[in-house]
Amino acid sequence: MAMLTQGEPRAERVLLTGASGTLGRVLAAGLAAAGYRLILSDLVPFPDPLPEGATFAAADLTDADALAAICPEDVGSIIHFGGINTEKSLDLIYSANIYGTTHVFELAKARRARVIYASSNHTIGFYPRTQQPVSIDDPYRPDGYYGLSKAYAELLGRMFFDKHGIESIHLRIGSCLPEPTETRHLATWLSYPDLIRLVLAALQAGDPRFAVVWGISRNARRWWSGDDAARVGYEPQDDAETYAHSIREESGSAVARHFQGGSMCSRGYTRPDDPDR
Ligand SMILES: NC(=O)c1ccc[n+]([C@@H]2O[C@H](COP(=O)([O-])OP(=O)(O)OC[C@H]3O[C@@H](n4cnc5c(N)ncnc54)[C@H](O)[C@@H]3O)[C@@H](O)[C@H]2O)c1
């Protein structure tokens with residue numbers, strides 16, 4: 001893959017999975033406005049008018065042949081935001097997130113494309129909030145099958161770079177919302193404009209190799225630091241603190257409020273003893 005200077009739009013086409021989802025729609029508009037030629041894909045139709053230069057092709061991530069069929073030979077990057085976005089049955093998580101993401105990486109290998117992956121803070125959700133900052137070098141502590149599937153995808157990226165030279169940038173997204181609404185978001189919020197900045201940086205990074213970046217804004221109360229943001233060129237501009245006066249106290253159980261992953265940690269939690277032991 002040719003080396004590119006930060007800030008140059010890449011000439012090749014870009015495949016966006018999960019395009020019809022909440023974040024996919026934000027990215028479709030933002031990346032098209034930045035001049036990228038997008039192939040949007042999802043299980044379900046794209047609900048908005050197609051942005052300029054974009055096409056839509058439906059494909060199920062669990063079907064490797066269907067995915068390959070809608071991906072042009074000259075694709076330069078695959079932005080992989082499709083799949084299950086929360087804790088669900090093991091079957092669903094496995095088919096969409098484990099097999100689906102493996103199909104995306106195999107496709108990237110066939111096309112020699114870069115992968116930009118929507119990872120999650122739920123890869124490390126079981127760190128207590130008293131333990132911070134957490135860095136990308138700290139061990140995984142997934143808070144469910146969903147978080148485990150995200151950790152799998154990061155390791156897949158590591159293996160595909162080491163074994164095949166396929167570049168991937170893993171965005172450990174916190175809470176990507178129009179505005180922060182509860183106190184946890186003071187640490188975890190990612191604004192929509194910063195999401196677009198993050199993905200543009202990942203598309204334009206000169207030599208990302210395998211990289212992991214916290215997908216959060218420049219929140220004053222962030223819990224996470226120590227990542228590859230500088231190497232990738234991500235410079236967030238928003239801060240959840242701006243909304244601190246208007247957001248509500250976090251709801252949820254004591255377990256949810258104890259751990260960084262919040263309610264994903266308390267869901268199905270059965271541990272009887274001291275969680276910090
Ligand atoms: N929203 C956040 O704050 C947040 C935080 C951390 C990580 N993420 C990750 O970002 C990505 C996008 O999140 P979102 O909130 O937009 O989720 P979303 O559920 O709105 O979008 C996901 C899209 O994937 C599609 N999809 C599901 N299974 C599929 C399959 N088998 N084949 C093809 N398409 C399939 C769905 O139709 C949906 O449109 C997800 O991977 C999610 O895990 C989001």
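In this predicted model, helix α1 (residues 22-33) packs against helix α6 (residues 192-204) at an angle of about 65 degrees, and their axes lie 10 Å apart. The two helices therefore count as roughly perpendicular to each other, a class that takes in angles from 65 to 115 degrees. The points below cover the helix pair, the ligand shell and some backbone features.

**Packing of α1 and α6**

- The crossing of α1 and α6 is right-handed.
- On the α1 side the contact is formed by Leu23, Val26, Leu27, Gly30 and Leu31, which meet Tyr192, Leu195, Ile196 and Val199 of α6.
- Sorted by class, the residues of this contact between α1 and α6 comprise eight nonpolar, one polar and no charged.

**The shell around the ligand**

- The ligand is surrounded by 23 residues, of which Gly21, Leu23, Asn85, Ala118 and Ile173 are the closest.
- At least two residues of the shell are supplied by each of α1, α3, β5 and β7 (175-176).
- The shell around the ligand divides by class into nine nonpolar, 12 polar and two charged residues.

**Backbone features in loops**

- Most residues other than glycine have a negative phi, and most peptide bonds are trans.
- The peptide bond that leads from Gln132 to Pro133 is cis, with omega near 5 degrees, and Pro133 is located in the loop between β5 (114-120) and α4 (145-164).
- Arg112, although not a glycine, has a positive phi of about 55 degrees, and Arg112 is placed in the loop between α3 (90-111) and β5.
- Arg112 counts as partly exposed because 13 C-beta neighbours lie inside 10 Å, whereas a buried residue would need 20 or more and an exposed one 12 or fewer.
- Arg209 is likewise a residue other than glycine with a positive phi, here near 50 degrees, and Arg209 belongs to the loop between α6 and β9 (210-215).
- With 16 other C-beta atoms within 10 Å, Arg209 is therefore partly exposed.

Terms used: Residues are numbered from 1 along each chain as its sequence is written. This is a predicted model: local features need pLDDT of at least 70, side-chain atom pairs count only at pLDDT 80 or more; totals for chains, interfaces and linings use all residues. Axes are lines fitted to C-alpha atoms, for helices over the stretch in contact, and angles run from 0 to 180 degrees between N-to-C directions. Helices (H or I, at least four residues) and strands (E, at least two) are DSSP runs, numbered from the N terminus. Angles under 35 degrees count as roughly parallel, over 145 as roughly antiparallel, 65 to 115 as roughly perpendicular and the rest as oblique. A crossing is left-handed if the near helix is turned anticlockwise from the far one by less than a right angle, and right-handed if clockwise. Two residues are in contact if their C-beta atoms, placed from the backbone, lie within 7 Å. Ala, Val, Leu, Ile, Met, Phe, Trp, Tyr, Cys and Pro count as nonpolar, Asp, Glu, Lys and Arg as charged, and the others, Gly among them, as polar. A residue is near a molecule or strand if its C-beta atom, placed from the backbone, lies within 6 Å of it.
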